Amino acid sequence: MSNMSGGLVELLGLRLEEVGPDRVVIRWDCEPKHHQPFGIQHGGVYCAVVETAASIGAGLWFADRGTCVGVSNQTDFLRVVREGELTAVGTPIHRGRSQQLWLVEITDAEQRPVARGQVRLQNLTR
């Protein structure tokens, strides 16, 4: 798998706390750069973090068999956040020959759910 610390991960200030084929944990601090025009965490940031966690885990599990690409991302926004540390935990729901389904749950510093999403990924063999 290529460098996981650049690109959008760097732009959003994501910290990859745990990275493996069975679980991915990402933390970041909600800051004004993450806000939508009304001063709250932009939903697109949640979508991006959900996709990032699922893609990293799926790719590590599929490993040298090929690569994985997201084909569907459904993310629900549950609670308004203006600031503070957020944590995303991604775990697989299903890993099959051709597709994977990952669940990513995002909580605030008080462990309250703020967003959740699931990503379906296509396994592309080499």
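Biologist: What is the relative accessible area of D76?
Modeller: This is a predicted model, in which local features need pLDDT of at least 70, side-chain atom pairs count only at pLDDT 80 or more, and totals for chains, interfaces and linings use all residues. Residues are numbered from 1 along each chain as its sequence is written, and side-chain values use heavy atoms, with hydrogens and water left out. Buried means under 20% relative accessible area, exposed over 50%, and partly exposed in between (1.4 Å probe, protein chains only). D76 counts as partly exposed, because its relative accessible area is 29%.

Biologist: With which side chain does that of D76 meet in a salt bridge?
Modeller: A salt bridge requires a side-chain nitrogen of Lys or Arg within 4 Å of a carboxyl oxygen of Asp or Glu. For D76 the N to O value is 3.7 Å, and the partner is R116. The pair links distant parts of the chain, 40 residues apart: D76 belongs to strand β3 (residues 66–77) and R116 to strand β6. At 30% relative accessibility the partner is likewise partly exposed; the residue that meets D76 is R116.

Biologist: How far apart in sequence are the parts that R15 and E85 tie together?
Modeller: R15 and E85 form a salt bridge with closest N and O atoms 2.7 Å apart. R15 is partly exposed at 28%, as is E85 at 32%. Helices (H or I, at least four residues) and strands (E, at least two) are DSSP runs, numbered from the N terminus. R15 lies in strand β1 (residues 15–19) and E85 in strand β4, so the parts tied together are separated in sequence by 70 residues.

Biologist: Which residues are linked with R15 in a network of salt bridges?
Modeller: The salt bridge between R15 and E85 belongs to a network. Besides R15, the linked residues are E17, D29 and E85.
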